[in-house]
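These are my notebook entries on one structure.

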Amino acid sequence: MKFVGIAGSIADESYNRKLLTYIASEFSPLADIELLSIQDVPMFSQDDDQTQSAPIQYLAKKIAAADGVILATPEHNHTLAPAMKNVIEWLSFNVHPFENKPVLIVGASYYTQGSSRAQLSLRQVLESPGVGALVMPSDEFLLADVKTAFDDHGNLKDERTVKFLGSVMGKFAKWVTVLKAMNEKVPDEPWRQEDLSAGHPSDTTIDVPMDAKDWVEQGAAKTNAASGHDYVQLDRGLLTVDQLNWFLNTFPMEATYMDDNNQFVYYNHFLDHDDMLAPRYPWQVGNAAISCHPERARDHVKQVIWMLRSKQKDLFAMPVPGNKLNEKYIMHYYRAMRDGDDNYRGVNEWVLDIWPIVADYLRRTGQTLAPDPSAKPDAVSGASQSAKPAADASTGASESAAAPVADATSGASEAAAAPVVDATSGASDAGAAPVADATSGASEA
Ligand SMILES: Cc1cc2nc3c(=O)[nH]c(=O)nc-3n(C[C@H](O)[C@H](O)[C@H](O)COP(=O)(O)O)c2cc1C
């Protein structure tokens, strides 16, 4: 916690400054307390605006950046001293750093009243509309008979006074913490925090411009990356980089890695752009997510990433629009990747056409697809072909991310129209090896 302290006196030997110096050192475990000098603050005049002068700017910036302010006020003629009032005038004229700033008032004076009247006046001044400070209620610390209060090392002599000051400081720190928490903006839509411009580098972010067309090559040179015949030790395996590529490029799906900084860092490049289900160009690798999604899709992309990052979901599954049953049924899956400590490490996105799998299953089991009259189609995820989410053509990301249907166990979408057993035909295709069981539709093979 960071506090600043101002003694409202410009005397060379100010007791109030002495008190603040003591507080800063004695209570350093509680907060970092920096004493601000007001020695050079010019006399306030409305006709000669010196708000931009170094002493005023210095005070304004330090106060604005602090979590709280401790003002130690002398008492002159039953009210606050001119140096203190002068500072407040400047800081309520064209700049207002005290606005909503927690302030603790303390004070030291010669006599038994111990600055009490000055403190009351100062409280009133600080609460005026032009100043707008939040002065800590109920507690005050008055140091009377100040000439005899300190020892030769600048420490307060009386133990009870030290104890009481400690309790006031503790309450102030607590109060500042509570105010801070209350004022912290809690975004009502936390997913908006997702930074698609990849502006929060993680420990794997490579210092290469993200929009470089040769990001991969530049990054490889920079990291001295393994390549070709170099071996890479994996969790349970050891492969050369070539083997890894052959392996990844023969998965029957297009896979993309977007890291925890929302940077697109890999895809298994085995098809040309125009042949891909979710077309990508090799030069897009390295781009921030924002470059891969059109404006209209970005909020949905943010929602999906946020839900994966914050563990509300592990998997989203969604069909792309334009799927025509009996031809193609393209699915996009987004699965959260997490490290051994369960930290989010990015999205594994894969795209595949599940129609060949469905068709093969139907053929082998002797079934056909027929609408289920009692089914309630999932309007978003594609059982109904009419309510289609619009796809982001460049990346395949769906705009309908707000309501995709995730099946965390199997990864299967709920969307496909439920196949019903064609008990009458039940027969398998001629020539196909498996023989369907006409009663159950199950294949023997
Ligand atoms: C003009 C003047 C008026 C003062 N009036 C009071 C007063 O009303 N009450 C009081 O307790 N001390 C009064 N004092 C004494 C201050 O408490 C004393 O000067 C104190 O050291 C000021 O704080 P500083 O050392 O931080 O400058 C007055 C001092 C001056 C010079």
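I looked up F264 and found that F264 counts as buried at 4% relative accessibility, where buried means under 20% relative accessible area, exposed over 50% and partly exposed in between, with a 1.4 Å probe and protein chains only. I then noted that Y267 also counts as buried, at 5% relative accessibility.

I record that this is a predicted model, in which local features need pLDDT of at least 70, side-chain atom pairs count only at pLDDT 80 or more, and totals for chains, interfaces and linings use all residues. Residues are numbered from 1 along each chain as its sequence is written, and side-chain values use heavy atoms, with hydrogens and water left out.

Aromatic pairs. I applied the rule that rings of Phe, Tyr and Trp (its six-membered ring) pair if their centres lie within 6.5 Å; planes under 30 degrees apart count as stacked, over 60 as edge-to-face and the rest as tilted. The count by this rule is twelve aromatic pairs. I looked up F44 and W90, an edge-to-face pair with 4.8 Å centre to centre and 75° between the planes. F44 lies in the loop between β2 (32-36) and α2 (54-65) and W90 in helix α3 (residues 82-90), so this pair ties together parts 46 residues apart in sequence; helices (H or I, at least four residues) and strands (E, at least two) are DSSP runs numbered from the N terminus. I found F44 partly exposed, at a relative accessible area of 23%, and W90 buried, at 0%. I then returned to F264 and Y267, whose pair is tilted, with 6.0 Å centre to centre and 35° between the planes. I also noted one aromatic cluster formed by F3, F172 and W175.

Helix α5. I listed buried residues of α5, among them V168, F172 and L179.

Charges over rings. I required NZ of Lys or CZ of Arg within 6 Å of the ring centre and within 35 degrees of the ring normal. The charged end of K147 sits over the ring of Y110 at 4.2 Å from its centre, and that of K213 over the ring of W283 at 4.4 Å.
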